[in-house]
Every structure is written in structure tokens, then in C-alpha cells.
Amino acid sequence: MKLLIVDDEANIRRVVREYAEFEGYTAEEAGDGMEAVAMARENDYDLIIMDIMMPRLDGFSACKEIRKTKDTPIIMLSARGEEYDKLFGFELGIDDYVVKPFSPKELMARVKAVSARKQQSQPQMQQRLRFEGLEIDMAGREVYVDGAKANMTPKEYDLLFYLVRNQNLAMTRDKLLEEVWGYDFFGDDRTVDTHIKMLRNSLGEYRKFIVTLRGMGYKFEA
């Protein structure tokens with residue numbers, strides 16, 4: 001597996017790279033967001049570890065640029081642990097968030113977890129599903145609303161596909177956190193609610209298929 005490690009602190013890049021290579025990964029480094037965007041355009045990485053506070057181009061902006069062309073999993077690093085930063089990162093489509101100072105061993109465990117979720121999401125339902133004017137291409141990871149392709153974040157796709165695969169089944173917020181984000185110890189109800197709101201906005205009138213179960217969670221019902 002090929003990683004891109006992005007941080008303006010050379011020592012952090014060195015430590016993360018050492019642990020990554022010890023785990024059998026190959027790794028390349030970028031010192032700022034601009035360099036990371038350029039490298040991500042020219043190369044295909046299996047996962048990107050990205051700091052937020054960097055000169056020239058911050059991690060959030062770099063992530064937004066990379067997401068325009070690549071669906072590479074991204075783990076954000078930040079010295080700030082504010083909930084707003086986490087939610088904003090998830091809205092941009094990041095896959096996990098680690099607060100500095102962090103344990104390199106924990107970071108590698110998260111790399112493995114994110115990578116495993118990515119691989120598990122590949123053999124999704126090999127079919128196109130239609131619900132009135134909403135068309136969902138599970139294999140191609142594309143969604144069409146009345147014939148127009150929807151522009152959604154990777155997590156919106158993951159959330160929608162999981163709900164559709166479990167159509168008519170009630171899903172608690174904790175279950176969605178565990179299955180879609182891959183952990184049950186980080187994040188809270190607002191993480192799920194924020195993404196449900198984004199997903200509904202993307203689906204337009206077909207937001208009606210995402211049913212709120214008051215005090216519990218959500219389900220896809222068509």
C-alpha cells in the first residue's frame with residue numbers, strides 16, 4: 001500500500017514514515033498542501049495522511065482540491081481537537097481525524113481500519129437501482145437525480161449505499177457510525193446528523209426516502 005504523508009514538520013513526517021515502512025507500506029512525503037495536491041494529481045495513493053495547519057495551502061483546502069479528482073482515503077492530523085474542525089473535515093469527505101500529539105501505533109491502526117473499510121466497500125451490489133427519479137449505481141458509485149449526476153462527498157455515497165443495502169431496516173446513529181465510519185468510540189450523533197442533512201440536500205425531492213426515526217436514527221424507505 002502506498003501512502004502520502006503531508007505535514008510541514010519534517011520530524012513528524014519522518015516518524016510516520018518509519019512506522020508506515022515498518023508496517024510494510026511504501027510512503028512519500030509532502031511539506032505543504034500545494035505540494036500534496038500536485039503529487040496526488042500525478043500519482044495514485046492508497047491513503048493520504050494530511051496535517052491541517054500548513055503554510056501555502058492548509059489541509060482542508062488541499063483535501064477539497066484532491067477530492068475534485070480523486071477518491072483517495074484521507075486521515076487528517078490536527079493539533080486542534082475542536083468538534084467544528086472534525087465535522088468540517090468530514091463534510092469535505094475525510095475518512096478519519098487524529099488529534100496531535102498522537103501515537104504512531106494508533107495512527108497505523110487507523111490506517112489499517114480505513115484501508116479495510118475501503119476494500120470492503122468495493123464489491124458492492126453490482127447493479128443499478130431506481131427509486132422513482134433517483135437512480136443509484138452501486139458498482140460505479142454514482143447517483144443520478146432526475147437524470148442529473150449528483151455531486152456528493154465520499155461519505156455521502158457510503159452513507160446512502162449502506163442505507164440502501166439495508167433498505168427498510170431501522171439504523172441507529174451508533175450503528176451508522178460503526179458501519180459507515182468504522183468506529184464506535186469517536187464522533188457523536190451530530191456527525192451522522194450532519195451527513196444525513198448533506199445527503200438529503202444532494203437528493204433533492206428524493207430526500208423523502210431518508211426517513212428519520214425520532215430518538216433512534218434513520219432508514220431508507222422507498
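Let's start with D7, which has 0% relative accessibility and so counts as buried (buried is under 20% relative accessible area, exposed over 50% and partly exposed in between, with a 1.4 Å probe and protein chains only). Keep in mind that this is a predicted model, where local features need pLDDT of at least 70 and side-chain atom pairs count only at pLDDT 80 or more, while totals for chains, interfaces and linings use all residues. Residues are numbered from 1 along each chain as its sequence is written, and side-chain values use heavy atoms, leaving out hydrogens and water.

You'll find D7 in the loop between strand 1 (2–6) and helix 1; helices (H or I, at least four residues) and strands (E, at least two) are DSSP runs, numbered from the N terminus. The side chain of D7 makes a polar contact of 2.9 Å with the side chain of K100. A polar contact here is a pair of N or O atoms within 3.5 Å; within protein, one must be able to donate a hydrogen and the other to accept it, and residues adjacent in sequence count only if both atoms are side-chain atoms. A polar atom of the D7 side chain also lies 2.8 Å from the backbone nitrogen of E9. Leaving aside residues up to four places away in sequence, D7 touches I12, R13, A30, G31, D51, M54, L77 and K100, where contact means heavy atoms within 4.5 Å.

Two of those names take us into helix 1, where I12, R13, V16 and A20 are buried. Seen down the helix axis, the buried residues of helix 1 fall within an arc of 100°, so they line one face (the arc is that of the directions from the axis to the C-beta atoms). After helix 1 comes G24, with a positive phi near 95°.

Now for the aromatics. Rings of Phe, Tyr and Trp (its six-membered ring) pair if their centres lie within 6.5 Å; planes under 30 degrees apart count as stacked, over 60 as edge-to-face and the rest as tilted. That rule gives six aromatic pairs. One of them is Y157 with F161, a tilted pair at 6.0 Å centre to centre and 40° between the planes. Y157 and F161 are four residues apart in helix 6 (residues 154–165), so about one helical turn separates them. Both Y157 and F161 are buried. Y206 and F209 are stacked, 6.0 Å centre to centre with 15° between the planes, and both are buried. Y206 and F209 also belong to one aromatic cluster with F131 and F220.
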